Amino acid sequence: MAYETALAALADPTRRHVLEALREGPRAVSAIAARLPVSRPAVSQHLKVLKEAGLVREERQGTRHIYEIDPNGLGPLRAWLDQFWDAALDAFKAEVEADEKKGKNE
């Protein structure tokens, strides 16, 4: 399942920091590495994992590799997380409705 690959990729804190750096917009590997306490080659390896997980996409501009968040890759992860939110909202709604019904019967 796609969300499992995304979760595995995001299990590493450095990859989460890389993804957070891309939240502001597309960045070259060197610009990402400048913000992190890891080497440029290490950032490239983390980006490779994120790309394989479908979380980022790459565009070449000459010799530079520009990375950005792939919104399509976040979709399966978001859908998986949303099911928990939906269940919580449904439970909250049921509780509110039960309280309202109880209040009308008193």
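This is a predicted model: local features need pLDDT of at least 70, side-chain atom pairs count only at pLDDT 80 or more; totals for chains, interfaces and linings use all residues.

At what angle do helix H1 and helix H5 pack, and how far apart are their axes?

Guide: Helix H1 covers residues 2-10 and helix H5 covers residues 71-105. The two pack at an angle of about 95°, and their axes are 8 Å apart. Angles of 65 to 115 degrees count as roughly perpendicular, so that is how H1 and H5 lie relative to each other.

Next, look at the residues that make this contact. From H1 come Ala2, Tyr3, Ala6, Leu7 and Leu10, while H5 brings Pro76, Leu77 and Trp80. By type, the contact of H1 with H5 has 8 nonpolar residues, no polar ones and no charged ones.

Now turn to H1 itself. Its buried residues are Tyr3, Ala6, Ala9 and Leu10. They sit on the same side of H1, because they cover an arc of only 120° around the axis. Among the elements that cover these buried residues of H1 are helix H2 (13-22), helix H4 (40-52) and H5.

Finally, follow the chain to the loop between strand S3 (64-69) and H5, where you will find aspartate 70. Its relative accessibility is 14%, and buried means under 20%, so aspartate 70 counts as buried. Leaving aside residues up to four places away in sequence, aspartate 70 touches Gly54, Leu55, Val56 and Arg57.

Note on methods: Residues are numbered from 1 along each chain as its sequence is written. Side-chain values use heavy atoms; hydrogens and water are left out. Axes are lines fitted to C-alpha atoms, for helices over the stretch in contact, and angles run from 0 to 180 degrees between N-to-C directions. Helices (H or I, at least four residues) and strands (E, at least two) are DSSP runs, numbered from the N terminus. Angles under 35 degrees count as roughly parallel, over 145 as roughly antiparallel, 65 to 115 as roughly perpendicular and the rest as oblique. Contact means heavy atoms within 4.5 Å. Ala, Val, Leu, Ile, Met, Phe, Trp, Tyr, Cys and Pro count as nonpolar, Asp, Glu, Lys and Arg as charged, and the others, Gly among them, as polar. Buried means under 20% relative accessible area, exposed over 50%, partly exposed in between (1.4 Å probe, protein chains only). The arc is that of the directions from the helix axis to the C-beta atoms.
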